[in-house]
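Hi everyone, thanks for coming. I'd like to walk you through one model this morning, starting with the ligand and ending with the backbone.

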Amino acid sequence: MSDRTANIGVVGLAVMGANLARNLASREGNTVAVLNRSRGRTDALVSEHPEAGFVPAYSYEEFAASLAKPRTAIIMVQAGAATDATIDALVEVFEPGDIIVDGGNAYFPDTIRRERAVRETGINFVGAGISGGEEGALNGPSIMPGGSDESWVTLGPILKSIAAVAEGEPCVTHVGHDGAGHFVKMVHNGIEYADMQLIAEAYDLIRRGTGKSPAEIAEIFAEWNRGELESYLIEITAEVLRQNDAATGEPLVDVILDQAGAKGTGAWTVQTALSLGVPVSGIAEATFARSLSSHPEQREAARDLPGPSTATPVDDEIAFVEDVRQALYASKIVAYSQGFDEIRAGAAEYGWNIDLGAISKIWRGGCIIRAQFLNRIAEAYAEQPELPLLMAAPYFADALGRGQEAWRRVVVHATNAGIPAPAFSSSLAYYDGLRAERLPAALVQGQRDFFGAHTYRRVDRAGSFHTLWSGDRSEVEA
Ligand SMILES: NC(=O)c1ccc[n+]([C@@H]2O[C@H](COP(=O)([O-])OP(=O)(O)OC[C@H]3O[C@@H](n4cnc5c(N)ncnc54)[C@H](OP(=O)(O)O)[C@@H]3O)[C@@H](O)[C@H]2O)c1
């Protein structure tokens, strides 16, 4: 065991933990203790990176002894049971005032539970969402920590030192207490699902509408990346579309099996939104689109179902591509508006004081959804912190106003041509739903009252009412 003292430790040295440990070690003033369940990863990391000056530990006791007080350790192990086991082991060797940070992809109710249990021991527990994959962990992720104000005092400077920097500001903020950080990270991932699906639909519409090759469409995305759509996801889309398969010479996108995987954070976002009563239709459609793609037997069974009888060619390719760009931007505004709604509803439900503008700022660097666009969201919340609907903020309302005709043309084209565009079309339906003067929800209330006496309210006077449907059909006040 080393007699050197570390100011921060990392437990779990697979790709994310090892990269985060290297990131920490590269920052001025940090000495990093490292521990992994099996010894091999620790030895490999320490021998491959002598420049990092790691302090290796081979037991939790050694790990605790190597850390200066208050001890601070970041856990980067598999989410679920492995995280619980690691927390239990650290609680055994840590003392009141020490800080345990879970940097894995925990489900936020687990973080709320863990925070409550660890707090009983006097140890601080912080659930921190870390976004940016392995590259982000190494060079600067976007970090979304929850936990107590007390732990933020110690942890804040350390996390600021390793986070990505966007426009001079570190991409980390104290999101709120207990599970707030993991909640926001979950919604981030949900928005990421929607953003990716919308881009994929845009690609599909252009390809099937114009017959352009993936390489030609890559140039379109590269061009879009110079405008209001500028983002990491648009940038990497161009890279993926440009790539040719070495084995066949075909565009790589044509040899990749068209079944999208998922690790579950999109589903969590949608499940949580359903519980909160927040319509996140863009995220839901994106999650369902991945599920649909991954049922080959059903796709096979559906292959011969009839489609449109006539092909609907695009007559003006340039105008069509511009329409798709505008539809993409409009749908993206809806997806982010819905995601921020979910955060606002989660904050109200769980008692978190979340600064939505600050969240949009910490997503500007390090994470997968990083984009110029997030500055516009930050500006909208700076102007009106209690904004009830992000897409109604002046900048976004204006952008939607400019794009909505194109958006409708694209959805009509997709429908007529039999091209699935679930995220484009559900976002438009959401937009029109919120805009509507009257919704057929009135009829739904009438139906509910008919079969279940669920009552309804009236437009012209207060109170709840019921029609005696199986009687004389007169109305009574409920
Ligand atoms: N934010 C992102 O972009 C991003 C990307 C990837 C992953 N993550 C999250 O970051 C965390 C780490 O991810 P990863 O891909 O580096 O690793 P991982 O494959 O999720 O987990 C492997 C690590 O967990 C340890 N482990 C497994 N079971 C354990 C147990 N019962 N007790 C103690 N340690 C145990 C392993 O130790 P051994 O070496 O002994 O097996 C190894 O260090 C995960 O929560 C993951 O979801 C985030």
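So, which residues surrounding the ligand are the closest? They are Asn-36, Ser-38, Arg-41, Ile-130 and Gly-133, in a shell of 22 residues, where near means a heavy atom within 4 Å of the molecule.

Before going on, a word on the source. This is a predicted model, so local features need pLDDT of at least 70 and side-chain atom pairs count only at pLDDT 80 or more, while totals for chains, interfaces and linings use all residues. Residues are numbered from 1 along each chain as its sequence is written, and side-chain values use heavy atoms, with hydrogens and water left out.

A polar side-chain atom of Arg-41 sits 2.5 Å from a ligand oxygen. From the backbone, an N or O atom of Met-16 comes to 2.9 Å from an oxygen of the ligand, and one of Leu-13 to 3.4 Å.

Which elements give two or more residues to this shell? They are α1 (15–25), α4 (81–93) and β6 (124–131); helices here are DSSP runs of H or I with at least four residues, strands are E runs with at least two, and both are numbered from the N terminus.

Now, the backbone. Most residues other than glycine have a negative phi, and most peptide bonds are trans. Against that, the bond from Lys-69 to Pro-70 is cis, with omega near -5 degrees; Pro-70 belongs to the loop between α3 (60–65) and β4 (72–75). Glu-167, in the loop between β8 (165–166) and β9 (169–170), has a positive phi near 50 degrees. Ala-453, which follows α20, also has a positive phi, near 50 degrees.

Methods. A polar contact is a pair of N or O atoms within 3.5 Å; within protein, one must be able to donate a hydrogen and the other to accept it, and residues adjacent in sequence count only if both atoms are side-chain atoms.
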